[in-house]
Amino acid sequence: FKGGDTCEYLLSSGRFLGEKVWQPHSCMMHKYKNSEAKNCLIDKHVVFIGDSRIRQLFYSFIKLLNPQVKEEGIKHGNIPFEDKSASIKVDFLWYPEVNGSMRQRIKSWTEGSVAKPHIIVVGAATWSIKIHNGSNEALAQYKINITSIAPLLEKLAISSDVYWVLQDPVYEDMLSESRKMITNEKIDAYNEAAVRILNSSSRNSKAKVKVFSVSKLIAQETIMKSADGLHLPESSRDTNAMILMNVYCNKIMKPIDGSCCQPQPPLTLIQKIAFCFFTLSIIGYLIISLIHRNNYRKNKSCTDLESGEEKKPAISTPNVSTLEMLLQCFCKLGLIMTYFYLCDRANLFMKENKFYTHSSFFIPIVYILVLGVFYTENTKETKVLNREQTDEWKGWMQLVILIYHISGASTFLPVYMHIRVLVAAYLFQTGYGHFSYFWIKGDFGVYRVCQVLFRLNFLVVVLCIVMDRPYQFYYFVPLVTVWFMIIYATLAVWPQIVQKKANGNCLWHFGLLLKLICLLTCIYFLSYSQGAFEKIFSFWPLSKCFELNGNVYEWWFRWKLDRYVVFHGMLFAFIYLALQKRQMISEGKGDPLFSNKVSNVLLFISIVSFLTYSIWASSCNNKTECNELHPSVSVVQILAFILIRNIPGYVRSVYSSFFAWFGKISLELFICQYHIWLAADTKGILVLIPGYPMFNVLVSTFIFVCVAHEISQITNDLAQIVVPKDNSTLLKRLLCIAGFFSGLHFFSAMQDQSRH
């Protein structure tokens with residue numbers, strides 16, 4: 001930890017990820033679009049003063065506002081630019097030397113009521129070296145001139161952003177004969193003079209000229225690609241312009257993936273209340289545990305002085321009351337949430353941008369695959385999609401998704417399409433698992449519903465409070481929650497058709513199929529009627545849950561992307577359980593699922609289907625078109641995988657305990673990664689140990705997995721307390737939960753009002 005001023009790091013240090021992606025030290029840089037740049041600079045006046053190198057930076061800067069601009073201005077003259085739609089003025093003023101003329105121009109902005117530019121970018125030296133043939137007298141005069149200009153710049157820095165651009169190194173072998181006197185040694189001397197003189201008289205931290213030295217580091221890596229050895233290649237100039245935009249605009253626009261120069265967000269009212277609650281829970285737990293420990297010591301076994309025999313105490317172990325267990329859970333949760341806040345809201349730990357390479361994605365995949373195969377054990381049962389197998393399936397899918405996120409592989413379309421299938425497979429399991437439970441058990445009680453809803457949503461609700469994020473931000477949990485309620489409503493609504501009832505009369509099977517057809521019709525209608533979908537979820541209180549950035553479009557997009565796969569899971573469960581009931585499949589240990597001939601044919605078709613989908617996904621060129629096809633075709637690879645995994649008896653009889661362990665905490669892993677493994681709400685990577693990328697990933701991963709496991713235990717413990725089996729007690733708890741959310745809504749409304 002070296003302090004919270006990431007602006008200094010952005011302006012002075014960093015490294016290249018690959019050839020063109022610049023990574024500032026300790027923070028993330030946002031890539032500004034034209035519309036964002038215009039919104040930031042609306043009604044602003046920006047001035048670039050200097051030589052041809054500053055002119056290049058000027059052009060790269062205005063291309064962020066208007067990419068159509070061409071470099072056609074006068075080479076040795078002033079160049080104006082204006083965007084009338086946003087009232088933005090950007091001027092280049094030709095002052096190739098730090099001299100009296102430049103001083104007079106800068107001085108004019110400090111006098112009287114003259115309108116000052118909001119941003120001033122200054123830099124010059126190479127012309128002085130060239131004109132005076134690199135003489136020491138020219139350097140001495142440069143020092144005198146910059147000494148006279150420095151107080152004026154510092155005065156402007158009180159109300160404007162002033163940047164002094166240090167001189168980039170040159171590629172001496174490529175310089176023309178007329179520029180041979182411009183050496184890197186001379187440039188270093190001029191830069192050293194500028195750094196030493198600027199801000200030397202300023203005691204006010206607000207009146208500091210910001211030294212733009214990062215351009216030197218960028219030039220050192222790229223100047224050999226220069227056309228003339230003096231001017232930077234276009235990609236490097238664009239990087240410098242983007243850094244300049246980040247320095248000024250991040251504190252105004254507050255982009256999620258632009259942590260550089262962003263101040264720590266102030267605590268909201270709800271966050272303060274949560275902090276007080278967790279603090280009281282920790283204090284309460286410590287007091288109760290101390291009281292219990294003292295009582296336990298008093299009741300310890302002691303020797304009877306009269307008989308000399310040892311007496312056994314009435315209480316041999318401390319009793320853990322419900323209150324103590326509740327406080328213990330909130331105590332641990334409070335400490336964990338503090339870690340979440342420090343990682344992704346406080347400017348304590350560093351953050352970096354993601355950068356995708358094939359090796360960063362595929363090597364870890366191979367590594368975890370080897371580990372998974374190494375930890376192979378026999379299953380307790382050999383049914384299709386038994387508990388161990390589904391845990392294993394969730395586990396390896398979650399690990400692949402985690403690697404996909406941290407490596408930034410979403411930029412590679414074939415990988416993206418395969419990951420979409422994994423997300424669809426999670427939802428397929430949601431349809432399969434919940435349908436199977438309701439169909440076999442026939443349990444439509446409130447207790448079951450509350451248990452599932454609590455386990456799915458507890459962590460997300462806490463994170464919404466602590467991290468100040470909307471519910472829809474953690475999109476996967478709203479998705480599985482809504483689909484669970486749809487499955488429940490489909491099967492619970494009259495007539496309730498369950499396996500026990502259907503076994504007595506085959507017509508009930510047709511009744512259930514009719515219900516599923518109605519569900520499919522509703523899904524189809526909503527997927528092609530965005531207006532109807534948005535109207536349903538725009539009603540209060542649903543709008544509070546599903547709105548993101550003021551509308552429900554993101555929710556509609558997420559729901560639509562995998563709209564059929566839950567239905568496919570329900571239909572598969574129905575067909576499988578029907579075949580199982582009629583003993584048309586063999587699930588004995590080591591036995592193939594069907595007869596040898598049928599099993600071989602189905603296995604062949606499954607392998608071909610699996611590979612065909614992978615080939616199609618890998619050859620996909622248009623993301624939008626592939627997303628349109630995905631909901632209808634993703635089930636092909638999912639069913640192919642299930643059959644490949646279950647048709648051979650020996651494959652069905654084993655599972656990977658390594659993957660299954662992760663599968664049991666897959667939901668917690670998916671949610672926790674947002675803030676304590678990734679950073680900036682998944683846009684970047686958390687850096688606990690700077691300078692050692694591999695060691696950092698190992699340490700942050702270890703903490704992340706331990707935290708996810710602990711939260712899973714806390715959720716299970718709290719579920720037993722908050723959602724009791726007794727209906728009257730459960731009703732009271734539900735009223736308390738309703739009161740809690742009403743209070744949350746009230747404080748949220750107060751918070752929104754104070755923000756506006």
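Predicted model: local features only at pLDDT ≥ 70, side-chain atom pairs only at ≥ 80, totals over all residues.
## Overall architecture

The chain contains 29 helices and 15 strands. Its C-alpha trace spans about 100 × 85 × 50 Å along the principal axes. Of its 756 residues, 50% count as buried.

With the bonded cysteines counted along the chain, their pattern is 1-6, 2-5, 3-4, 7-8.

A disulfide connects Cys27 with Cys260, with a sulfur-to-sulfur distance of 1.9 Å. This link is right-handed, with 90° about the S-S bond. The two cysteines belong to distant parts of the chain, 233 residues apart: Cys27 is in the loop between strand E2 (21-24) and helix H2 (34-41), and Cys260 is in the loop between helix H9 (234-253) and H10. Both Cys27 and Cys260 are buried.

The torsion about the S-S bond of Cys40 and Cys249 is about -95°, so the disulfide is left-handed. Cys40 and Cys249 are both buried.

The link of Cys620 and Cys626 has an S to S distance of 1.3 Å. With 105° about the S-S bond, it is right-handed. Cys620 is buried, as is Cys626.

Cys343 is in no disulfide, and the nearest cysteine sulfur, that of Cys672, is 11 Å away. Cys343 is buried, with a relative accessible area of 0%. For Cys450, the closest cysteine sulfur is that of Cys736 at 13 Å, which is too far for a bond. Cys450 has a relative accessible area of 12% and is therefore buried.

## Salt bridges

The structure holds 17 salt bridges. The table lists three of them.

| Salt bridge | N to O distance |
|---|---|
| Glu234 and Lys63 | 3.7 Å |
| Arg645 and Glu392 | 3.1 Å |
| Arg469 and Asp681 | 2.7 Å |

Glu234 and Lys63 form a salt bridge that links distant parts of the chain: Glu234 lies in helix H9 and Lys63 in helix H3 (residues 52-63), 171 residues apart. Glu234 is partly exposed, with a relative accessible area of 43%.

The side chains of Arg645 and Glu392 meet in a salt bridge. Arg645 lies in helix H24 (residues 623-646) and Glu392 in helix H13, so the pair ties together parts that are 253 residues apart in sequence. Both partners, Arg645 and Glu392, are buried.

Arg469 and Asp681 form a salt bridge between loops. Arg469 is in the loop between H15 and H16, whereas Asp681 is in the loop between strand E14 (678-679) and strand E15 (684-687), at a separation of 212 residues. Arg469 is partly exposed, with a relative accessible area of 25%, and Asp681 is buried, with a relative accessible area of 3%. Elsewhere, salt bridges that share partners join Lys63, Glu71, Glu234 and Arg237 into one network.

## Second largest pocket

The second largest pocket has a volume of about 1,600 Å³. It is lined by 47 residues, of which Arg387, Asp391, Lys394, His434 and Arg448 are the closest to its centre. The elements that give two or more residues to the lining include helix H13 (387-407), helix H14 (413-441), helix H15 (446-466), helix H16 (476-492) and helix H28 (693-722). H14 provides the largest share of the lining, ten residues.

## Nonpolar surface patch

Leu269, Ile273, Phe746, Phe747 and Met750 make a nonpolar surface patch of about 420 Å². Helix H10 (269-298) and helix H29 (727-755) each supply at least two of the patch residues. The largest share, three residues, comes from H29. Ile273 is found in helix H10 and is partly exposed, with a relative accessible area of 36%.

How values were computed: Residues numbered from 1 in each chain as written. Heavy atoms only, no water. Patch = residues over 30% accessible without salt bridge, like charges linked within 9 Å, V, L, I, M, F, W, Y side chains within 5 Å. Areas by Shrake-Rupley, 256 points an atom, 1.4 Å probe, with all protein chains shown as cover. Salt bridge = Lys/Arg side-chain N within 4 Å of Asp/Glu carboxyl O. Helix = DSSP H or I, 4+ residues; strand = E, 2+ residues; numbered from the N terminus. Buried < 20%, exposed > 50% of the residue type's maximum accessible area, 1.4 Å probe, protein only. Disulfide = S-S within 2.5 Å. 1 Å grid on protein atoms, 1.4 Å probe; cavity = no way out; pocket = protein on both sides within 12 Å on 5 of 7 lines; lining within 4 Å. Points joined across faces, edges and corners; volume = space filled by probe spheres on them.
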